[in-house]
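Hi,

Here is the structure I said I would pass on.

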Number of protein chains: 12
Amino acid sequence: MKRILVIHGPNLDLLGKREPKIYGKVTLKEINEHLKRIANKHKVCLAIKQSNHEGEIVDLITKARDRFKGLLINPAAYTHTSVAIRDAISATGIVTIEVHLSNIYNREEFRHKSLITPVVSGTILGFGAKSYYLGLEALLELI
Amino acid sequence: MKRILVIHGPNLDLLGKREPKIYGKVTLKEINEHLKRIANKHKVCLAIKQSNHEGEIVDLITKARDRFKGLLINPAAYTHTSVAIRDAISATGIVTIEVHLSNIYNREEFRHKSLITPVVSGTILGFGAKSYYLGLEALLELI
Amino acid sequence: MKRILVIHGPNLDLLGKREPKIYGKVTLKEINEHLKRIANKHKVCLAIKQSNHEGEIVDLITKARDRFKGLLINPAAYTHTSVAIRDAISATGIVTIEVHLSNIYNREEFRHKSLITPVVSGTILGFGAKSYYLGLEALLELI
Amino acid sequence: MKRILVIHGPNLDLLGKREPKIYGKVTLKEINEHLKRIANKHKVCLAIKQSNHEGEIVDLITKARDRFKGLLINPAAYTHTSVAIRDAISATGIVTIEVHLSNIYNREEFRHKSLITPVVSGTILGFGAKSYYLGLEALLELI
Amino acid sequence: MKRILVIHGPNLDLLGKREPKIYGKVTLKEINEHLKRIANKHKVCLAIKQSNHEGEIVDLITKARDRFKGLLINPAAYTHTSVAIRDAISATGIVTIEVHLSNIYNREEFRHKSLITPVVSGTILGFGAKSYYLGLEALLELI
Amino acid sequence: MKRILVIHGPNLDLLGKREPKIYGKVTLKEINEHLKRIANKHKVCLAIKQSNHEGEIVDLITKARDRFKGLLINPAAYTHTSVAIRDAISATGIVTIEVHLSNIYNREEFRHKSLITPVVSGTILGFGAKSYYLGLEALLELI
Amino acid sequence: MKRILVIHGPNLDLLGKREPKIYGKVTLKEINEHLKRIANKHKVCLAIKQSNHEGEIVDLITKARDRFKGLLINPAAYTHTSVAIRDAISATGIVTIEVHLSNIYNREEFRHKSLITPVVSGTILGFGAKSYYLGLEALLELI
Amino acid sequence: MKRILVIHGPNLDLLGKREPKIYGKVTLKEINEHLKRIANKHKVCLAIKQSNHEGEIVDLITKARDRFKGLLINPAAYTHTSVAIRDAISATGIVTIEVHLSNIYNREEFRHKSLITPVVSGTILGFGAKSYYLGLEALLELI
Amino acid sequence: MKRILVIHGPNLDLLGKREPKIYGKVTLKEINEHLKRIANKHKVCLAIKQSNHEGEIVDLITKARDRFKGLLINPAAYTHTSVAIRDAISATGIVTIEVHLSNIYNREEFRHKSLITPVVSGTILGFGAKSYYLGLEALLELI
Amino acid sequence: MKRILVIHGPNLDLLGKREPKIYGKVTLKEINEHLKRIANKHKVCLAIKQSNHEGEIVDLITKARDRFKGLLINPAAYTHTSVAIRDAISATGIVTIEVHLSNIYNREEFRHKSLITPVVSGTILGFGAKSYYLGLEALLELI
Amino acid sequence: MKRILVIHGPNLDLLGKREPKIYGKVTLKEINEHLKRIANKHKVCLAIKQSNHEGEIVDLITKARDRFKGLLINPAAYTHTSVAIRDAISATGIVTIEVHLSNIYNREEFRHKSLITPVVSGTILGFGAKSYYLGLEALLELI
Amino acid sequence: MKRILVIHGPNLDLLGKREPKIYGKVTLKEINEHLKRIANKHKVCLAIKQSNHEGEIVDLITKARDRFKGLLINPAAYTHTSVAIRDAISATGIVTIEVHLSNIYNREEFRHKSLITPVVSGTILGFGAKSYYLGLEALLELI
């Protein structure tokens, strides 16, 4: 049975409670349940992690090398600042999809630059929680 | 029956023949057929146009105001240069999804800036022809 | 009888329907009628065109060389991107006035640069439809 | 009877004597007389000041709050450097029109940035002395 | 018999009438005749087009794929703004020569950037009408 | 008895009347009274000036050299443009505290640069009128 | 009894030992004792943390949501690089004061940009350890 | 008898007292006496002014038009910020020499840009008080 | 016996497996063994750590103050983003050598800036694993 | 008999041996022979020099003033860095053609700027050795 | 008897013949004779060199260390590009004056940056040949 | 017997006499002797050159093609300005090591950019004379 790693970046545990105008009202728990239902339907196994630590996310990715077929990641704030996560994705060679809840290109100037996009297979942004679901479906087709 | 407008920007008629390393081997005709199959399944009607003319694309969008529920657009080269298409999307108020075959953010520097992204609901990029199919499914849920 | 060319750039046919907070509620038809009343009062003849096509606007200007005494233009989105329209204005040598409905200098950063202003006699911006009327009166005095 | 304040910025007292290729041959006195004739025709009262002092211009604007209905200003050199005049205009809330004799956007690079434009109702530039007259007429309609 | 496509970009129909200090006194018709004489001498067939429309130029290039052996283009104003024409040249894979009448690198700053040069075989600029003739001779040797 | 100079920069006489969303509702008179109460409690003497004139503020500072122990200044608009006030503070060598009512770093881009901060002992910003009171208390401890 | 969270960013445990010319001689322990004395006087309870880990600081802030009334933070090196801490502060909605020991605006260029300032209530910088004490007093008045 | 105007910009009254490492120990009075001795020797008459006010310096220059043959100016802090003084020098057409005590090009970045240099006949910098004396001698030869 | 700390930054545990074209085929374990052989020969003791966590690296450095004579560090991805590690190196005052396997100056633009280089004694880059060995030998001579 | 100077800039003596992918396989000797054949045909005399020394190239050009009718130059690496060669070309007033073997505008960023182009009559680039031959023919027509 | 070295940079041997609008009509020989007359009057000995070679100028300066008391240099084109000459001046420690015939700050943008000014005692520019004479007199006073 | 070329760039003949705070007290002669001792130990032959001339350094490198196995170069000031030396290194294809005495990345901004680093095998900087010795040892292992 294929295994897929899902990583939620910093502050995403606050989802639903935090600035709902930007991020919507759905909680991280609800997103995870929806993702699992999609996974079940396709008979794949999901491992889901949320972390506020750049280093921990790098750990997760580098250890995923031989254990996962694909990575679905919302790097959140680390999108714009983490060369380490970028390097980890390049190094593992796992098929990776980047998702964002909001349209990062119509927010503050410093969010218009993603260090992650150039090293992923594809990016989906602006659809709220649906970005995750589309991303998982796309990932399932790719692997 | 809901109607959706699909616009393919400049040079996309060459798809399949043009630089397959970047754009893949599928032809525009094949993409359009796949899009129609998805549309049929969801009982919506698609109007599909390809144009190399910025002004023609603006015409199509401004005239779509009352006749279409949603717009799926791959602005191709005009992504990076057309304020006119951006303004047309803002002005019509139609729900719009932007798609790109390639990952524009790991190509030449001048392709890293999309004038269109800030005015659309969501963007999907890097999945080849699948960007269109994901985009249409996302659009169908939004409208 | 003197002849004057009026060119409305892309998306201006949506005027009145489009983002009224930025552009006001008056329609293009009402503006055109008001412009004609001014022209009648001054015994000049107006030719009025709206186009979403950069090339068409260039065509209009290059053909206006010997047939019109003055040009009143709202280049809209092409203000910021069209070297071709700029070159056409320089090449024809017709007295030209640039007008804008909105104050382009307090909107998005990319609208703060006009490629057109350096080659026109004068620019009027921020007065809504009145920008056109002031522009026409100024043009009538110049020619 | 409505009162309007007209402010001429630095060096404008030299008008007519100074670089006529850029600024024309009309003197400030002639401009003021023409402005008064327009005002008389519309039954409004003008107060006209010229000052080379940024602080004095700020004083004039801040004191104008309750005494004037509108402000017609040519900020001249302070256009490009004065945050203080900009703040004064924002703070008073008087309807303000900015005018320039020359086309500041085809002169030196440092003149292509106006700190004043983003806080005024409208801007008129490049018509020589006529910029003032158009500006006053526009102001009279707005108030 | 080999066929070559010659494209003249926007405003070049005004040649000879337009700003002769920059562009010289020769007309487009004279250039075309001279080009044809060169072509005759080399027994090749020329198709010559002038267009002010970016989209039309893209159409011409994309349709040239199987019908022409080489392309001689003066992109004029679109040199600096058209990603679409650049993409069309890349996509067709026809041997392409870019020519300019004037020395674009000693004119305004915004003309110092050519989006076209990086995708052509060679560029010739600054020789007036002779840029075309040298370009055609170079093209004839390359194909 | 120690003497302290307080300088309010341009437009601060409008405080309470001017854009209360940004600057709060308290008037300059109320701030001055509060500052005097703090001064009385600490047995120091305050001299308080408001000026819209950059030159006058420079005069005040350069003359303060031997007569004041400390300077509390809100340079307002001159924060971003006045090298002269910066030089005056450096030259006098008086202990200086810079205060701002609003958080200048989340307003317009041009307000993100303070020419004054690099030459003062400390800066306090964003607390409304309280910025002054904290600043005075800090100044009293430093001198 | 109100609770306040104090966070000391990276390297601040070296305070007193580290580059005393820039940061002063007082130790973190002494600062913490002084802060507690102020807290006791005002009958509030302080929780004080020092961490070199960006992720840990994000954890602390996101968990503080319901347990603390205010946050006093010296983000130190993360001031200039952490979008994650910025997002955590925005998301929690706790009243936050940012303090710096040194005047970051007269040090290296890369320290002149604070990602944190735009999302806090107020900032105090340059007073050495006193920045903390002023910051705590300001925070106590705000909550 | 020829008349020459000497203008000392802001903060120069502090000379000798202010930051002697940068500006030297000589006072403004001593410089003025030395300048007068040179003037006497050459039988010209000097008018010497020091002002901290940008507007006052503009007044002095604009009024100097018909009364002085030459201008020797140390614009000090206004060197880097005053378009108004620059315009005044251009407008008067008096032969002007710019002097600086210090080498402004090896100090802070913002002092590396002189708005004044492009409109003067010549500039002398870095020689301390001697910059003035050389400047006066150069001016005497030019007029 | 002297003690030296060796720190391997993020993703270096993947060495040998990761992008061998850029980083070579040698594993981290082999590098560490080679480093230990050099250390043994010189009778010094090595402590070697690899971490993906910026905060952990800061912890290691700040705690190294009194326990190690020198630091050999490959900051990897944190080279370009970590002010915290830079500050930790400055604060500890340990002799530090920075090494890189690859030539960071001929890779992506964002890798051309090292925040670490300005605070170390020396830097060695581009020699693959040999960068470490040269670095250790250099460090042994310096301490 | 007319005389023409040909200058080959730095490293061009390595032609044919050096990076053939970029510069082609033809040697400098072969190019020179071809150039001489063209010259013979047109009855002009060529002087050909290769130099790696910027100063020597300046010497050659400044001494060419009265002895040569035209200059054909490939400034190679000095294209991007030599103001001295640019000034020499301007000063001599000889008709000058600049040629480049490769298309410098699709190589490294620092090669996209030619200091020489703005002062020459025309530029030909990207045709390999043929750039020289076209350049010589163009030069022969111009003189 | 004191010895002074005078260095004329590249292309200055063309003086009087070259672009007289920018550089005046006086020849280098005349300047040198005038400089010698000044030197004779002050009983100092001049060594005068002109060179188009950056390396030769560096040679001259590095060898001047023990043999000359002062250096008067017009670096001409190397002003803007030569770090080597800058380093040579710093390294020799000779008192150095930089002169320019023209006002380099109102010419092309790339001439607005002098690499030499930050390491000299003083700079004199814009006075034509007189810049040299003033420079020599200033140098004579300094040594 | 293998031969290695050592090139010392401009001003390095002043070593030991020049700014010892930056470059140390060791002379170039001492460095050369040390380098020869290392070479003797490894049975290789060194040719050592110092030159202030960019062109001479290019000559040395281009002629080294067939005669040397490796190049050890300290390009000094030419590090930041010489495309010609960069091209010479690329063209020869000799294994090259770049060394710097000082840490160029904590000096003036213009020294933070090396044109040479991207084309060498490795770079060693900041170790004073030891940079050369480490560089030679590294070079000996590579060839």
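Predicted model: local features only at pLDDT ≥ 70, side-chain atom pairs only at ≥ 80, totals over all residues.

**Chains J and E**

Let me start with this pair. The contact brings together 20 residues of chain J and 20 residues of chain E. About 1700 Å² is buried between the two chains, and carbon and sulfur atoms account for 62% of that. On the chain J side, the residues that lose the most area to chain E are Tyr105(J), Phe127(J) and Lys130(J), which together make up 29% of what that side buries.

What does the polar side of this interface look like? The count of salt bridges between chain J and chain E is 2. One of them joins the side chains of Lys130(E) and Glu141(J), at 3.0 Å from N to O.

Which elements of chain J carry the contact? Strand 5 (122-125) and helix 5 (130-142) of chain J are the ones that give two or more residues to the side touching chain E. Helix 5 of chain J supplies the largest share, 5 residues. By residue type, the side of chain J that touches chain E splits into 10 nonpolar, 7 polar and 3 charged.

Strand 5 of chain E (residues 122-125) pairs with strand 5 of chain J in the antiparallel sense, over 3 bridges.

**Chains B and C**

Rotating by 120°, with 0.0 Å of shift along the axis, superposes chain B on chain C with an RMSD of 0.0 Å. The two copies are therefore related as by a three-fold rotation axis. Thr81(B) is the residue of chain B that comes closest to that axis, its C-alpha lying at 4.1 Å. The two copies use different surfaces in their contact: 12% of the contact residues of chain B recur in chain C.

As for the interface itself, chain B puts in 16 residues and chain C puts in 17 residues. The pair buries about 1300 Å², with 55% of it on carbon and sulfur atoms. Between chain B and chain C the count is 2 salt bridges, including the one from Asp87(B) to Arg111(C), where the closest N and O atoms are 2.8 Å apart. The polar contacts come to 4 residue pairs, again with both residues at pLDDT 80 or more.

In chain B, the elements giving two or more residues to the side that touches chain C are helix 3 (54-64) and helix 4 (83-92). Helix 4 of chain B gives the most, with 7 residues. This side of chain B divides into 6 nonpolar, 4 polar and 6 charged residues.

**Pairs that do not touch**

Two more pairs, for orientation. Chain I and chain K have no contact, and their closest C-alpha atoms lie 21 Å apart. No contact joins chain B and chain L either, with 20 Å between their closest C-alpha atoms.

Cheers

Conventions:
Residues numbered from 1 in each chain as written. Chains lettered and ligands numbered in written order. Heavy atoms only, no water. Contact = heavy atoms within 4.5 Å. Buried area = accessible area lost by both parts, 1.4 Å probe. Salt bridge = Lys/Arg side-chain N within 4 Å of Asp/Glu carboxyl O. Helix = DSSP H or I, 4+ residues; strand = E, 2+ residues; numbered from the N terminus. Nonpolar A, V, L, I, M, F, W, Y, C, P; charged D, E, K, R; others polar. Pairing = 2+ DSSP bridges. Least-squares fit on C-alpha atoms with pLDDT ≥ 70 in both. Polar contact = N/O pair within 3.5 Å; in protein donor to acceptor, adjacent residues only side chain to side chain.
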